[in-house]
Amino acid sequence: MYQPAITGTGVFTPEETITNDELVVAYNAHADLFNAEHAAEIEAGTVKAKPHSSAEFIFNASGIERRNVMNKSGLLDPARMYPELPPRADDEPGIMAEIAIKAAKIALDEAGLEASDIDAVICAASNHERAYPAIAVEIQQLLGTGGFGFDMNVACSSATFGIQVAADMVRTGSVRRVLMVNPEICSGHLEWRDRDCHFIFGDVATAVVIERAEDAKGPRFDVISTRCVTQFSNNIRNNNGFLRRTRDGGMEDRRDMLFMQEGRRVFKQVVPIVNELITSHLADEGFEADNLKRLWLHQANKTMNDLIGKKVLGRTPEPHEQPNILQDYANTSSAGSIIAFSQNSADLVDGDLGLICSFGAGYSAGSVILRRVA
Ligand code: CO8
């Protein structure tokens with residue numbers, strides 16, 4: 001058995017940003033258009049008028065201030081309200097592979113590795129732009145890694161589940177070095193015309209290199225232990241899929257073919273699952289919560305993270321103990337906890353313990369205990 005370690009991480013942040021104010025101006029213009037177009041039905045009570053959104057509500061309910069997106073003009077156009085990403089020919093690099101590679105190059109640089117040193121690529125994300133061939137295999141070819149690649153999807157928990165798979169493969173020796181990437185183009189999956197959720201997501205790509213600790217060329221984070229849990233719930237759901245064309249009317253623009261959630265229920269039900277996961281994981285590995293120097297949590301909602309931190313530590317965490325990146329990136333699904341880790345781990349010192357935890361649709365939750373070495 002070999003000790004697996006994280007030796008590099010990378011974050012690719014799309015250039016275009018949208019503030020809450022910009023988002024609300026576009027949404028409200030869309031709502032006004034909708035209400036004017038459906039004035040007669042609204043008057044007759046057969047269609048509900050769309051009320052305005054509010055930047056103040058968004059910040060207070062979620063902690064989000066802005067988000068990065070791959071295309072801003074399309075989704076801020078009140079008559080369109082979804083991103084405009086031109087189709088690419090089959091012999092051009094796919095958009096998910098392209099952004100994953102940008103993050104991967106940063107992670108490989110940090111680890112001091114060439115792409116050819118990698119012998120497995122995992123593309124772990126909430127959405128994949130096509131059914132096959134796997135995005136990971138395309139990344140393998142474009143980057144020039146060896147071995148094999150495969151895609152996996154555990155929604156917001158994809159990265160921690162991906163780290164578990166990668167760490168287990170390195171531990172047993174079936175591969176020596178894994179590149180695990182999380183290209184999340186959440187803007188393609190969000191209903192920007194729905195006031196309840198139009199502010200939630202942003203786009204980003206993250207990458208993590210996991211290899212044998214003995215191969216590390218610099219400081220590293222040993223993966224001490226991983227744990228994953230799932231529990232079926234319909235409270236975060238998307239009914240899109242390959243059987244869509246088999247249903248009558250299945251090709252229509254149906255609301256349930258995009259991200260849907262019962263936000264309040266998710267909040268209430270997921271917090272105890274995450275608290276139980278982290279607490280029991282630490283206890284089973286012989287650690288106390290107070291041993292943790294840092295918690296890198298999934299970035300969905302600031303109040304939710306504050307509550308989880310408080311439950312796990314038994315006190316209000318200091319800001320540096322539980323960094324949030326949500327205000328700048330919004331919810332970037334599986335990439336959120338990896339951004340938090342990547343941007344807030346360099347100051348830890350030899351022996352420090354930290355924990356990455358993600359949670360989301362499924363429900364699913366993953367916990368990764370890390371120890372900084374040198
Ligand atoms: N502006 C003004 N008012 C609003 C707005 C708005 N934009 N939206 C809602 N309101 C109103 C509502 O109508 C409601 O009014 P009333 O009380 O009169 O009925 C009131 O404000 C309160 O609404 P909510 O109860 O919906 O508001 P909450 O306080 O619950 O906040 C949140 C909503 C922010 C969504 C919150 O519930 C939350 O964050 N919950 C946690 C959700 C979560 O963690 N989800 C994880 C999902 S992500 C994941 O797992 C990955 C899935 C796959 C990713 C796919 C990529 C796209």
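Which residues does the UniProt annotation "domain: Beta-ketoacyl-[acyl-carrier-protein] synthase III C-terminal" cover? In the unreviewed entry, this annotation covers residues 282-371. The structure described here is a predicted model. Within residues 282-371, 30% of the span is helix and 24% is strand, and the end C-alpha atoms lie 13 Å apart. A further annotation in the unreviewed UniProt entry, "domain: Beta-ketoacyl-[acyl-carrier-protein] synthase III N-terminal", covers residues 150-217. There the chain is 22% helix and 32% strand, with 26 Å between the end C-alpha atoms.

The shell around the ligand holds 25 residues, of which Cys156, Arg195, Arg264, Asn301 and Ala361 come nearest. By residue class the shell divides into 11 nonpolar, 11 polar and 3 charged residues. Helix H3 (55-62) and helix H8 (263-284) each supply at least two residues of this shell, and the largest share, 3 residues, comes from H8. A polar side-chain atom of arginine 195 is 2.8 Å from an oxygen atom of the ligand, and an N or O atom in the side chain of arginine 264 is 2.9 Å from an oxygen atom of the ligand. For serine 54 the pairing involves the backbone: one of its polar backbone atoms is 3.2 Å from a nitrogen atom of the ligand. The ligand taken alone exposes 1,200 Å², and the protein buries 76% of that area.

Two strand residues were examined individually. Threonine 226 is located in strand E8 (residues 220-230). Its relative accessibility is 16%, under the 20% limit, and threonine 226 therefore counts as buried. The side chain of threonine 226 makes a polar contact of 2.8 Å with the side chain of glutamine 164. When neighbours within four places in sequence are left aside, the contacts of threonine 226 are Gln164, His281, Ser367 and Val368.

Arginine 177 is in strand E6 (residues 177-185). With a relative accessible area of 12%, arginine 177 is buried. Not counting residues up to four places away in sequence, arginine 177 touches Leu113, Asp117, Ile118, Asp119, Ala120, Ile210, Glu211, Asp215 and Lys217.

Helix H11 (residues 336-343) is mostly covered, with 6 of its 8 residues buried. The buried residues of H11 are Gly336, Ser337, Ile338, Ile339, Ala340 and Phe341. In the loop between helix H10 (326-329) and H11 lies serine 333. Phi of serine 333 is near 50°, a positive value in a residue other than glycine. Serine 333 counts as buried because its relative accessibility is 3%. Alanine 374, in the segment after E13, also has a positive phi, near 60°. In the case of alanine 374 the relative accessible area is 58%, so the residue is exposed.

Cis peptide bonds are present in two loops, as follows. The bond from tyrosine 132 to proline 133 is cis, with omega near 0°; proline 133 is found in the loop between strand E4 (120-124) and helix H6 (135-143). Glycine 362 and tyrosine 363 are likewise joined by a cis peptide bond, with omega about -10°. Tyrosine 363 lies in the loop between strand E12 (353-360) and strand E13 (364-373).

Methods. Residues are numbered from 1 along each chain as its sequence is written. This is a predicted model: local features need pLDDT of at least 70, side-chain atom pairs count only at pLDDT 80 or more; totals for chains, interfaces and linings use all residues. Side-chain values use heavy atoms; hydrogens and water are left out. Helices (H or I, at least four residues) and strands (E, at least two) are DSSP runs, numbered from the N terminus. Buried means under 20% relative accessible area, exposed over 50%, partly exposed in between (1.4 Å probe, protein chains only). A polar contact is a pair of N or O atoms within 3.5 Å; within protein, one must be able to donate a hydrogen and the other to accept it, and residues adjacent in sequence count only if both atoms are side-chain atoms. Contact means heavy atoms within 4.5 Å. A residue is near a molecule or strand if one of its heavy atoms lies within 4 Å of it. Accessible areas come from the Shrake-Rupley method with a 1.4 Å probe; for residues, only the protein chains shown count as cover. Ala, Val, Leu, Ile, Met, Phe, Trp, Tyr, Cys and Pro count as nonpolar, Asp, Glu, Lys and Arg as charged, and the others, Gly among them, as polar. UniProt positions are given in the numbering used here, feature names are shortened, and annotations may be inferred rather than shown by experiment.
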